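User: Can you walk me through this one? I'd like the layout first, then the contact between the chains.
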Amino acid sequence: MSVTSLPTAAVAASRPKGRRRRRRDLVGLLYVLPAMALVLVFFIVPIGMTAWMSLHNWPLLGLPRFIGLRNYERLWSDAGFWASLRFTLVYTGVATVAIFAVAFPLALLVEKPRPLASLLRTAFFLPVVVGFATAALLWVWLLNTDSGLFSPALQALGITPQRINILGTFDTAFAAIVAMVVWKVAGFTMILLMTGLQGIPADIVEAARIDHAGPLQRFRFITLPLMRRTLGLALILCITGSMLAFDQFYIMVAGGPGNQTLTAVYWIFNQSFVSFRLGYGAALSIVLLAILLVLSLGQLWLLRDREDAR
Amino acid sequence: MHSLKSLLVAATALAGLVLPTLALPASAETLTIWSRSGQGDTLEAVAKAYDDTHADKVSIVTLPVDEFVQKYATAIAAGTAPDAVSLDLIHTPAFAQAGQLEDLTDWAKSLPYFEALSPAHLSVGTYHGRIYGLPLTTETSVLAWNKDLFARAGLDPEKGPKTWAEWKADAAKVTALGGDSRGFYFSGACGGCFIFTFTPLIWASGGDILADEGAKATLDTPQLRGAVDFYRSLVAGGMVPASARTDTGPDFLSIVGGRIGLQSIGASQIGVLINKYPNVHFGVTLIPGPDGGTSSFVGGNNIVVTKGAKSVKAVEAFMAYVYSLEGQRLMVSHGSLPARSDIAAEAMKGQDPRYDVAVAAIKVGRTPYSPVFNDIINSPNGPWAQMVNAAIFGSDPAAAIKDGQARMQDIIDAAR
Amino acid sequence: MSPRRRHGRSRMVAALPTLVGVIVAATFLAPLAWAVLASFRPAAEAAQPPLPPWPTQGFSLDAYRTLDSASGGLWLHAANSGLVAGATVVLSVVVSLFAGYGFSRYRFPLRNTCFVLVMTTMMVPFQSILVPLFILLTHLHLQNTLTGLTLVYVTLQLPFSIFMMRNAFDAVPKEIEEAARIDGVRDLRLLVRVLLPLVMPGVATVAIFAFLNSWNEFLAALIFLSDENKFTLPVLMTAVRAGRFGSIDWGAVQAGVTVMMIPCLVVFLALQRFYIRGLTAGAVK
């Protein structure tokens with residue numbers, strides 16, 4: 001953000017004009033005040049409480065006891081948490097690649113004016129408007145062994161000899177969840193990428209075409225670099241969403257089979273609401289928040305860079 | 001947050017002082033009771049009858065069973081819990097241990113029929129010698145079989161299995177009918193279902209899963225291994241639908257589909273089957289042990305009163321009605337078993353004879369005791385659910401049992 | 001190769017992406033269509049695999065009746081959800097309109113800190129601040145109220161909404177404001193009369209997502225509300241999932257998914273002509 005450009009402008013202004021400007025700036029503060037008040041009350045304060053709780057042995061029922069940093073020490077040797085974090089990272093990687101692998105071609109498809117383009121765009125986007133919990137419930141049904149769609153259909157088509165329980169083994173369950181997430185999210189990423197593609201000046205592409213650059217070369221050297229910021233935004237939304245994944249794993253497989261699909265947030269949820277260890281759950285939350293902040297930092301730079309360039 | 005909570009308590013207390021003076025003296029009190037879903041409409045029916053005959057009103061709020069404990073505990077933490085809760089009886093020790101429940105000992109002991117109240121409910125309702133929970137609804141687990149499928153498979157439709165060998169033979173014959181028919185069903189990823197339907201096999205074999213008032217996990221025993229092997233053999237024989245492996249509970253009552261030969265169900269579901277699925281003709285018997293012997297899980301809900309509740313008197317009045325013959329009759333006709341053994345026969349009069357089996361199960365039944373029940377047993381990610389699922393469906397049952405034993409003991413120790 | 005044949009082939013090549021697109025689109029729409037069609041099957045058919053999905057033994061509203069018989073009835077919960085979603089939309093739009101304008105046009109102290117703070121909201125697992133939020137709402141006497149739930153939803157919406165609105169204002173040329181100022185239009189009047197029509201696409205985008213997210217959220221609703229007659233639709237859905245009598249009613253699940261979905265589709269289709277422009281102005285440039 002343009003921190004550097006601000007003082008020079010202010011200094012350059014003459015004194016009375018500067019005062020007026022300062023008053024005008026305070027009006028700006030008024031505009032953002034409602035938003036900041038909400039964020040303060042419903043976000044900063046709870047986060048502060050979470051941080052405070054993380055320093056306690058804080059059962060959901062009963063009296064809290066201050067224990068300093070011991071929750072954080074315990075966290076180091078909590079194999080379950082690190083396993084859930086590892087799974088979350090794997091899921092984030094797989095889901096992000098899968099979403100982009102579907103969304104990018106779709107974006108290229110609907111970006112150009114061609115017959116049915118806007119209709120197709122709407123169709124691809126429709127699953128986005130269904131909520132995550134609703135979508136998960138819908139897929140629970142579709143994936144059910146006996147009353148669902150997929151496994152009876154596989155049997156009817158003769159692909160499997162009998163009805164198989166798709167959610168019964170890790171590989172198939174994981175694939176099914178990724179498929180559901182791609183179905184649910186790809187449309188949103190597609191729209192973001194499409195707007196990025198449309199932002200690329202046509203004359204640059206045309207110039208490259210005249211210079212005999214092949215389609216792959218044009219994509220690699222023109223499309224991708226010029227879309228860097230859009231890609232950054234799409235990535236940050238995709239990664240943050242995946243790192244915080246909970247609903248689909250909670251509703252569709254309850255962390256199963258064999259606790260192999262417990263995500264970090266799921267682990268925190270269990271510590272806080274099943275084991276009632278709020279203090280420990282709070283410490284885990286703070287660590288996850290820190291990890292997410294670090295992960296997002298690089299991508300935040302992309303967005304920051306963008307504003308300076310303007 | 002300390003000060004937040006005490007401020008809150010002060011505010012509530014203040015409101016408590018001011019509000020009654022504002023209220024009209026004759027106005028009826030409404031008692032709100034939280035209850036978990038999946039329990040039929042027993043409570044609603046009794047509450048309605050109570051409303052019709054009493055000045056006070058009772059309103060039942062039904063909350064999703066999977067999130068019930070979380071919700072009640074959160075509400076307690078914020079000081080917004082209702083005065084009375086119909087709590088899954090096995091959670092009573094947890095809330096009593098945390099000091100969040102009112103001591104009901106004096107009132108309970110003043111009841112002339114105190115000695116006749118369900119001992120299972122009282123055993124988990126008692127913590128350090130004081131009573132915090134009293135029986136509200138009563139439930140036992142029994143083994144049901146589909147008479148039509150039994151007849152088609154050439155089995156005696158009036159005779160359920162008495163040993164594991166008979167159980168397996170019956171299941172095999174029903175499975176042999178082909179098509180969608182399967183001999184047996186259980187919710188294979190549901191800790192709460194397993195404790196209800198699977199531990200009776202262990203108890204009937206002479207084993208148990210917890211000892212010393214829940215201080216010791218005793219999973220790695222020959223009795224548990226025996227019960228696991230029995231279920232494994234049913235799965236290996238193709239007698240259990242593939243969907244069982246991942247059912248976290250929603251499909252518990254699969255027998256209603258008419259394609260399942262045998263299934264352990266709850267007593268309250270006898271009424272559900274009779275009333276909602278008249279086409280499913282079924283019999284019930286006690287859950288057998290390996291070579292005879294029987295057992296059952298005595299479950300249901302305890303009424304508990306949240307610490308600091310204002311309307312304890314209203315709760316007592318409602319419970320007195322529940323325990324009356326009229327109340328017990330109503331409960332029975334809406335799927336619960338009687339909470340009082342002294343008038344059980346009278347309350348059950350005119351009921352379907354299959355209920356007799358469920359009532360008989362109370363005598364042979366048990367209820368496990370643990371202050372960390374939710375954590376070790378009910379949580380789908382907890383050691384019990386994971387252990388049974390892996391032992392029955394996995395490749396290495398011995399390792400799964402050992403692992404479950406260690407994990408369960410860890411949680412118990414960490415909470416002490 | 002004759003020119004004509006070459007022309008024919010290139011037309012086929014040009015049509016190929018559209019063809020692929022239509023197939024993919026059908027795949028994307030299939031699960032939705034499947035649920036809607038299956039929800040009209042009679043109760044006896046509900047547990048059968050949906051092959052085909054449409055009712056084969058006559059059209060029936062059984063599933064919707066089952067859904068309606070759960071707790072307070074379908075309409076009550078739908079009304080609660082509508083109320084919460086509507087209020088969330090209005091508040092999100094108003095708050096983010098002001099904030100977006102402020103962040104885009106003014107340089108005040110701590111501006112960047114404030115903006116980063118709002119964006120951080122996105123990175124906190126909401127589940128982990130649930131208990132503090134609950135205690136806070138109780139303290140504010142907003143626990144078990146739809147108002148409290150709405151305020152929480154608005155806060156959760158803020159990062160995306162403010163980001164969108166700030167960029168929407170960034171895209172409006174400064175000259176327009178200067179011209180209006182010279183004409184004597186200032187402050188709120190300037191914002192509402194002159195700028196609002198120009199950032200309408202952004203507003204529509206904010207409104208769509210505020211509606212979708214608040215209409216569909218279940219965990220906070222479940223924890224924060226304790227009166228059955230205040231429950232929103234997603235809470236009803238968790239009860240449907242658990243099954244009232246111990247066995248899941250797939251018909252009720254399909255009907256529930258349909259009921260949850262339809263308003264979202266309607267809102268989206270009604271506003272969709274704005275949303276792409278909104279995202280274009282907001283996300284990229």
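This is a predicted model: local features need pLDDT of at least 70, side-chain atom pairs count only at pLDDT 80 or more; totals for chains, interfaces and linings use all residues.

User: OK. How many helices and strands are there in chain A?
Analyst: Chain A has 14 helices and 2 strands.

User: And what share of chain A counts as buried?
Analyst: 45% of its 310 residues.

User: What about contacts in chain A between residues 24 or more positions apart?
Analyst: They make up 67% of the chain A contacts with a separation of 6 or more.

User: Switching topic. Where does UniProt put the "transmembrane region" annotation in chain A?
Analyst: The unreviewed entry marks residues 29–55, 89–110, 122–142, 173–193, 230–251 and 280–303.

User: Now the contact. How many residues come from chain A and from chain B?
Analyst: Chain A puts in 27 residues and chain B puts in 24.

User: Which helices of chain B each supply at least two residues to the side that touches chain A?
Analyst: Helix 3 (68–78), helix 17 (373–378) and helix 18 (383–393) of chain B.

User: Which one gives the most?
Analyst: Helix 3 of chain B, with 5 residues.

User: How do the residues on that side of chain B divide into nonpolar, polar and charged?
Analyst: On the side of chain B that touches chain A, 11 are nonpolar, 11 polar and 2 charged.

Terms used. Residues are numbered from 1 along each chain as its sequence is written. Chains are lettered from A and ligands numbered from 1 in the order in which they are written. Helices (H or I, at least four residues) and strands (E, at least two) are DSSP runs, numbered from the N terminus. A residue is buried if 20 or more other C-beta atoms lie within 10 Å of its own, exposed if 12 or fewer, and partly exposed in between; C-beta atoms are placed from the backbone. Two residues are in contact if their C-beta atoms, placed from the backbone, lie within 7 Å. UniProt positions are given in the numbering used here, feature names are shortened, and annotations may be inferred rather than shown by experiment. Ala, Val, Leu, Ile, Met, Phe, Trp, Tyr, Cys and Pro count as nonpolar, Asp, Glu, Lys and Arg as charged, and the others, Gly among them, as polar.
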